[in-house]
Amino acid sequence: MNVFDIIGPVMIGPSSSHTAGACRIGRVARHILDDVPAAARISLCGSFAETGRGHGTDRALAAGILDMNSDDDRLPHSLELAEKAGVAIRFDTMDLPGAHPNTAVVRLTGRRGGTCSVRASSVGGGNIRVDEVNGLPVSFTGQYNTLIILHTDEAGAIANVSGYIAGQGVNIATFACTREVKGGDSIMTVEIDGVLTDGQLAHMRTLPAIHNVIQVKRI
């Protein structure tokens, strides 16, 4: 157990769940987008929807989208800073039966036209769990460097990826793979004990059946 799991994260308050965790959700979404955001639509669920504004959840999510840490003293002014930076942020609420009470769905559009959708929950002490990326179920925490690999479900795709990572001397901490249908779009989430270089990521994108590889560095 990390000491910060006991005493909580260094942050701009008031709540580790509603502020620090929300900020980390925004940063993960920003890193998955892999671009400078131009617009964001954020749906708040459960407790986030009911009490989030009073706890600064909206400002924290906006700060994360601007790639701020939870202890950044600019966090209370993030909505104004986003507007000045030309990032259009819109909030609404959503009912997700069975979801964690502190859940947000963040949909981002980048300056280059790309989009991403991230569903994640703030699970306490500033920790988060990412449950869905672009409509596909995933499960990772942002506590490790994480590879998000979009690919076609076909034989050999997983072996090629895991073999290449091992060949670079990088250890895999956790691995998960989900698919919509057999032979359809799939997504791997790979938490690793290291960081891959831009060149290594570029090579992975050339592997058979791989559409894109995004590295989300530890948040």
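1. Confidence first. This is a predicted model, with a mean pLDDT of 89 for the protein and 91% of its residues at 70 or more. Residues 1-14 call for some care: the pLDDT there is below 50, although this stretch has 24 contacts in the model beyond near neighbours in sequence. Where pLDDT is low, the predicted coordinates should not be read in detail.

2. The sheet. Six strands form an open sheet with mixed pairing, in the order β2-β1-β3-β4-β5-β6. At its edges stand β2 (88-93) and β6 (136-140); each has a single partner strand, so one side of each is left without a neighbour in the sheet. From one strand to the next, the twist averages 20 degrees.

3. Inside and across the sheet. Strands β4 (residues 115-124) and β5 (residues 127-133) run antiparallel and are joined by six bridges. Arg119 stands opposite Glu132 in β5. Helix α4 (residues 57-65) lies across β1, β2 and β3 (102-110), and runs at about 145 degrees to β1.

4. A loop residue to look at. Asp35 sits in the loop between α2 (16-33) and β1 (37-46). Asp35 counts as buried because its relative accessible area is 10%, and buried means under 20%. Beyond residues up to four places away in sequence, Asp35 touches Arg30, Gly110, Arg111, Arg112 and Gly113.

5. A helix residue to look at. Ile165 belongs to helix α6 (residues 157-167) and is buried, at 0% relative accessibility. Leaving aside neighbours within four places in sequence, its contacts include Leu147, Val190 and Met204. Met204 is 39 residues from Ile165 in sequence, yet their C-alpha atoms are 8.8 Å apart in space.

Key. Residues numbered from 1 in each chain as written. Predicted model: local features only at pLDDT ≥ 70, side-chain atom pairs only at ≥ 80, totals over all residues. Heavy atoms only, no water. Helix = DSSP H or I, 4+ residues; strand = E, 2+ residues; numbered from the N terminus. Buried < 20%, exposed > 50% of the residue type's maximum accessible area, 1.4 Å probe, protein only. Contact = heavy atoms within 4.5 Å. pLDDT = per-residue confidence, 0-100. Pairing = 2+ DSSP bridges. Axes fitted to C-alpha atoms, helices over the stretch in contact; angles between N-to-C directions.
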